[in-house]
Amino acid sequence: MESSDRSSQAKAFDETKTGVKGLVASGIKEIPAMFHTPPDTLTSLKQTAPPSQQLTIPTVDLKGGSMDLISRRSVVEKIGDAAERWGFFQVVNHGISVEVMERMKEGIRRFHEQDPEVKKRFYSRDHTRDVLYYSNIDLHTCNKAANWRDTLACYMAPDPPKLQDLPAVCGEIMMEYSKQLMTLGEFLFELLSEALGLNPNHLKDMGCAKSHIMFGQYYPPCPQPDLTLGISKHTDFSFITILLQDNIGGLQVIHDQCWVDVSPVPGALVINIGDLLQLISNDKFISAEHRVIANGSSEPRISMPCFVSTFMKPNPRIYGPIKELLSEQNPAKYRDLTITEFSNTFRSQTISHPALHHFRI
């Protein structure tokens, strides 16, 4: 579609402040042209692997964090292997109760399904705000197709918002879930440190586990799911991402040039390696491209990715490949950078490759 048409459609859509949910509530039967994903994007890779491969991302049992030395070594090995080969894995017995996870998903649903006038007070495109609601982060900054989802974004660590500044329908459970995520995140960074052959506190001491932003994603049923995506192909700007997803599914990751479904596992959380961890591990761990297909079910899909990073908050700390991992045979593949610099590049619509490519030596 013409860029002027795309621009005017995006402006009119944004001014409603009701997102994709508002389009569905209006009773539309056809999605607006600005959501139409080019056919070659939808079919650019094989949808599934050959039946003989039956590809499934690894699931790792964290045993509630209490492991003897042999069990821990086995878990470290499994996580290291998944981080190297897939960039994705699921964890069970991770220490966050099913009740808390269910309350969190229900809280996100309640936020997005409440009276639009209540939601509108959080609507913003200022991504330095602690709490904001919007649809499509790059709605006005690119001419690509918009995605079929709405987002509630909250910076939760290291300086959580006051409870009264969070949405009333989900504020308390967000605070509780965030605290438990911090504990899990620190434990995962211990295991990932050991998988890199470093001491358990190495990544924590680098500040990798210190900050996170939570996204409450809402994917309404789409009347034409074959014409759009829930989220286009991308990598994450985090060190790691911890994802809580419901049972509808739709998340896919690229592995061996195929799209592989990240099927929901009851009680599990999905962990994926972000760009920043690929950079500091000097490509030992991979930040895999992934996407979410449009929701063709009759129910909304709810997910909550927690991105462990400062994202767009100012951060002067310099990161580069970890010196202990480098050698004559394994020289640094990236230059040093700040997360602020990386974030600015990640958000730039003038780049034609994933942001990491721009920092390669």
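The structure is a predicted model, in which local features need pLDDT of at least 70 and side-chain atom pairs count only at pLDDT 80 or more, while totals for chains, interfaces and linings use all residues. Residues are numbered from 1 along each chain as its sequence is written, and side-chain values use heavy atoms, with hydrogens and water left out. The protein chain holds ten helices and 14 strands, where helices (H or I, at least four residues) and strands (E, at least two) are DSSP runs numbered from the N terminus.

**Overall build**

- Taken along the principal axes, the box filled by the C-alpha atoms of the protein chain is roughly 55 × 45 × 40 Å.
- Of contacts between residues at least 6 apart in sequence, 77% join residues at least 24 apart, a contact being heavy atoms within 4.5 Å.

**Surface and burial**

- Buried residues account for 53% of the 361 residues in the protein chain, where buried means under 20% relative accessible area, exposed over 50%, and partly exposed in between (1.4 Å probe, protein chains only).

**Helix 7**

- Helix 7, covering residues 171–195, has 25 residues and reaches 35 Å from its first C-alpha to its last, close to the 36 Å expected at 1.5 Å a residue; the expected span is 1.5 Å times one less than the number of residues.
- Just after helix 7, G197 takes a positive phi of about 85°.

**Two residues**

- I286 lies in the loop between helix 9 (275–280) and strand 11 (290–293), and I286 is partly exposed, with a relative accessible area of 27%.
- Although I286 and F88 are 198 residues apart in sequence, their C-alpha atoms are 8.7 Å apart in space; not counting residues up to four places away in sequence, I286 touches several residues, including W86, G87 and I273.
- S303 belongs to strand 12 (residues 301–308) and is buried, with a relative accessible area of 3%.
- Leaving aside neighbours within four places in sequence, the contacts of S303 include F215, Y219 and L243.
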